[in-house]
Amino acid sequence: MEIYFFYMFAGGMILTSLLMITRANVIHAALLLVLTFFFLAGVFVLAGAEFLAAVQILLYAGGIMVLYLFSIMLMNVEVAVRMRQWHRQGVVVLVAAVLLGLEIWAVLGEVEFGAPKQWEWSLGATPGNVEALGAVLYTKFLFPFEVASILLLASMIGAIVLAKRTIER
Amino acid sequence: MPDEVEENSEQTNDAPDADEPAEAVKTPPGEDLKEVVESAFPGAVLEQSAYQDDEDEATFVVGLDSIVDVSTHLRDHGDTLFKLLTDLTAVHYPEAENPFEVLYQLYSIEHNRRLRLKVRIKEGQAMPTVSSVWSSADWMEREIYDLFGIEFEGHPDLRRILLPDNWGSHPMRKDYPLEGRGERIYTKPKRKEIGD
Amino acid sequence: MDMALEVAVAAIKIFIVVNVVQLVVAYMIYVERKVIAHAQLRLGPMRVGWHGLLQPIADGLKLFFKEDIIPDKADRVVFVLAPVMVLVPALVVYAVLPFSATFYITQINIGLFFVLAISSLGVFGVVMAGWASNSKYSLLGALRSAAQMLSYEIFLGFSVIGPLMLAGSLNLQEIVHAQRDVWFVFYQPLAFIVFFVAALAETNRVPFDLPEAETELVAGFHTEYSGMKFAFFFLAEYASMMVISTIGIVLFFGGWEGPDFIPLPGFVWYCLKLGAFMFVFIWLRATLPRYRYDQLMRVGWKFMFPLVMLNIFLTGFLKYLFL
Amino acid sequence: MVGVANTSRIEQQSTLHGTEELVINMGPQHPSTHGVLRVILKLDGETVNDLDCDIGYLHRGTEKIGENITYTMFIPYTDRLDYIAAPSNNLAWVTAVEKFFDWEIPMRAQYIRSMVGELSRIASHLLWLATHALDIGAMTVFLWCFREREMVLDLFETAFGGRLTVNAFRLGGLHEDVPDKFLQLTQEFIDIFPSRIDDYETLLTNNRIWLQRTRDVGIISAEDAMDLGLTGPIIRGSGVRWDLRRAKPYAAYPYLDFVVPVGENGDIYDRYLVRIEELRQSTRIIQQCLDQLPGGPVTCKTPRTIKPPEGEIYHSIENPKGEFGFYIVSDGTTTPYRVRIRPPSFINLGGLKKLCIGQLVADVVAIIGSIDIVLGECDR
């Protein structure tokens, strides 16, 4: 049963991401990206990481993507739609695609296919998901966690300074 | 009843009538104002009148060229301080030599006085704008332009204000027909941008 | 077989909850109209049924049969999807809300987090509606609302951390159980103030109803909507009011539990508390003027944000000392 | 004529790059433009960078009509100017025409004129408060104010038979004496009204949100107010103690005792306070009128046909919205040669641009509300 759900979510993810990169209308692309996040969250839930799933929706879909939309809406989408969408980068794209394909092939070669028995199919049953995450995050990985926070803080202050200069000018 | 009345107003400006009776018997209304104007611009007041010698109806006829200077002077001079342009309008006398009369109704809050300035102009003659003297003239001049067709030179934004842009005539003129199809004169919408 | 049964039971529960929610929402609108009317010396709806009791049904029918207008220059797909995107998250959240000790659709151990995550999606519908309408009022409303809802989501999220620290769980049932003796509102008054203000802002209620401030933006993001699509926005607004009230009740007022000396079923307690919350919402609407956009942001970032941070710090400190 | 929107200085420019200013059209069908006012706003985000008003949707050529009918026939037309406070307009017209003559208007008529004038001020200020509060989102005040406005309209009905367009006065006095019931009902109204004003103030005056929305918003200095020709409560809100009822008294105002309230900062809140105080002062004036009301006739002997001598006069009164005046040119016939209405709403609205630039779009609504315009008089 779960495997069907997995294929459903994974397939949806691939489909929506493909649609996303081919849309001329930026708003449509952004909305499709939100859908992609949803499917990703579904996969996370199947993998038993419902905290991660909720964070995925809360932060990426509910927070960051709204900000994206916010700034996109301020642009003149009609003008953007009429603009040229395909830039002459075919060669670069081809090279990148071949490289990516090779990488995927190499990774997939390592993985055993068949029943994924190491995955715990559990929906809300495991007790310690959130607790375990918190415990690990604040003990073993405290230093990287704090480093990441400071990095984000620095970038936020930088953004504010840049924006403020524009306003004052 | 009237005699029980007490004046508790903190109004600062009910005084000017006090020194009036002694001299007002002889001098026509607005004589002191005329002196203020004449001291700076001799001969600027072409005519002086007042309805029934009412102080509030004092009227000066001023020349087309001096109206802006006289207005500025009347606004700024300490004895007049006509800071409020109460009203700005026009009257059409089709038979007269100068068929349009443009009126400036001034009021001084400090001295509680009124004064009316008049400029008589010919058909097609443009008035200088006083919107640099009183900002309130902006819309009122637009209204005169709209309803009488008098142009104001130097006006920042002279467009029709009450009637649609493509209204072909000026209805407050006396020759504007009151009924019939004559009043419905259309012109194509003409985008006239003055000051561009 | 078991699974089929489970699915069937869940489906029945979902069916009940969704329908009851819609009916309750319809009558909440009725109650709001009545309460505001009486605050304003009017009678409110009086014509349909006894004291206008059937008014919500009549309104619903009217909205069903109204002509559905899609503006010419609108982005049709997004325009049609937007009301759905508003309503669905508002209803999905009901999946984890505990209405009583026994009546709920499901309980998951990240319940509260789930609620916050899903209700944060409502803003998409609003932004989509505003943009797809291709109208300047709608766009302004959507921009305002996106900024407002995003900002206040942060305060809402932080304000629930205090009670969470006391309860030690994200599971809504367990949070309720943790308040058997004392409601958290007494431990966490600061958090409750911030929560309540953020709740008003999240649900676009007076004094934070800027996204649909009718005297400035006509109707904000849903200016161009009519008929059933408009009804969806309406339903969603009131449904999320109920959600946020329920969260408030669960976090601060002991959920469905009442004092022991008054023997009332849990569901009745829940309804009473919900009614009280709703009444305050309506009461505020009848009393207060509207904040301005920049003032709203100032209230949020300069007043509520420090307050809620102080609350988290204090809670942690005191918990460390005494527990 | 129809179908073509008027050009505006402000037009939307579309570019892909760079900051774009949003041009929005507020009105003529907009809930808070108080009628058919169209305001074109150029916004940078939510800040107003430029503003242009498009008026004239309600232009009926009242001045032109005035040139072609007799002086008496014009009284009902004045009702339709500031229809929120119709008796005030009647008062302006009759006092203006009476300035041509040296009639002795009976004191009873003068007192009733003042009284009705103040009632119409109450009616107008109540409608202003109602809509102004509604614009800022306080919905309850709206209906509370309408409760009292309804009472005032009932009073008009008792006295003159009309509610909105009252046609209250005649040249030379009143058409006929007011019924005793009117005086009695007015007394009743005056008795309860101050407590109702307290009710409004409870909801607004010290309300933090109301203060935040109105304080330091739409500030206009006294000098600027005079420059823009603003009159009435707006200029008093800026601290100029000037009221035509005091400066150029008419009707029974020379014999009445009242205070002219002024503000300090000239912001929306001060205009609000000034108008609220004017409501109280109007109540006081009406009380004095009722107490001092003399007996006797209500109309003087007037000729059968009103033929003012040749000449021109300007006369204005303190309407609820500001200085409302008439400039009349008489050519000695029964119809005026020229009637010019000095419309306070029109001229006050001209100051809107100055008040709004640099403010937020939400403030534009509040500022329009605080100017208190009525388009019937603005467009004439």
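A residue is called buried if 20 or more other C-beta atoms lie within 10 Å of its own. The model under discussion is a predicted one.

## Chain C

By this criterion, 50% of the 323 residues of chain C are buried. The secondary structure of chain C consists of 14 helices and 0 strands. The radius of gyration of chain C is 20 Å, close to the 20 Å that the globule rule gives for 323 residues, so chain C is as compact as a globular protein of that length. Along the principal axes, the C-alpha atoms of chain C fill a box of roughly 65 × 50 × 50 Å. When contacts in chain C between residues at least 6 apart in sequence are considered, 77% of them join residues at least 24 apart.

One place where such a residue can be examined is a loop. L210(C) lies between α10 (189-202) and α11 (214-217) of chain C. Is L210(C) buried or exposed? L210(C) is buried, because 26 other C-beta atoms lie within 10 Å, and the cut-off for this class is 20 or more. Leaving aside neighbours within four places in sequence, L210(C) is in contact with R144(C), Q148(C), R290(C), Y293(C) and L296(C).

## The largest nonpolar core

The largest nonpolar core has 286 residues. Within this core, I57(A), V127(C) and M128(C) touch the most other members. Helix α12 (residues 227-252) of chain C contributes the largest share, with 17 residues. Which residues does V127(C) touch, not counting those up to four places away in sequence? V127(C) touches V66(A), L69(A) and M73(A) of chain A, together with A142(C) and A146(C) of chain C.

## Chain B

Chain B contains 4 helices and 7 strands. From the N terminus on, its elements follow the order α-α-β-β-α-β-β-β-β-α-β. Of the 196 residues of chain B, 37% count as buried.

In chain B, 5 strands form an open sheet with mixed pairing, in the order β1-β2-β5-β4-β3. The edge strands of this sheet are β1 (45-49) and β3 (84-92) of chain B, each of which pairs on one side only. From one strand to the next, the twist averages 20°. Strands β2 (residues 59-62) and β5 (residues 113-121) of chain B run parallel and are joined by 3 bridges. In β5(B), R116(B) is the bridge partner of T59(B).

| Helix | Strands touched | Angle between directions |
|---|---|---|
| α3 (residues 67-76) of chain B | β2, β4 (100-108) and β5 of chain B | about 175° with β5(B) |
| α4 (residues 137-148) of chain B | β3 and β4 of chain B | about 10° with β3(B) |

## Chain D

An open sheet of 3 strands has the order β6-β7-β8 (chain D), and its pairing is antiparallel. Strands β6 (311-319) and β8 (336-342) of chain D stand at the edges with a single partner strand each, so one side of each is left without a neighbour in the sheet. The twist averages 15° from one strand to the next. Strand β6(D) is joined to the antiparallel strand β7 (residues 322-330) of chain D by 9 bridges. Opposite E312(D) stands V329(D) in β7(D).

Helix α4 (residues 107-135) of chain D has 29 residues, which at 1.5 Å a residue should span 42 Å; its end C-alpha atoms are 42 Å apart, which agrees. This helix is mostly covered, as 28 of the 29 residues of α4(D) are buried. Just after α4(D), G137(D) takes a positive phi of about 105°.

V374(D) is placed in the loop between α14 (361-371) and α15 (375-379) of chain D. V374(D) is buried, because 24 other C-beta atoms lie within 10 Å. Not counting residues up to four places away in sequence, V374(D) touches G35(D), D82(D), Y83(D), I84(D), K321(D) and S345(D). The C-alpha atoms of V374(D) and Q287(D), which are 87 residues apart along the chain, are separated by 28 Å.

Notes. Residues numbered from 1 in each chain as written. Chains lettered and ligands numbered in written order. Predicted model: local features only at pLDDT ≥ 70, side-chain atom pairs only at ≥ 80, totals over all residues. Helix = DSSP H or I, 4+ residues; strand = E, 2+ residues; numbered from the N terminus. Buried ≥ 20, exposed ≤ 12 C-beta atoms within 10 Å, placed from the backbone. Contact = placed C-beta atoms within 7 Å. Pairing = 2+ DSSP bridges. Axes fitted to C-alpha atoms, helices over the stretch in contact; angles between N-to-C directions. Expected span 1.5 Å × (residues − 1). Rg over C-alpha atoms; globule rule 2.2 N^0.38 Å. Core = buried A, V, L, I, M, F, W, Y, C linked by C-beta atoms within 7 Å.
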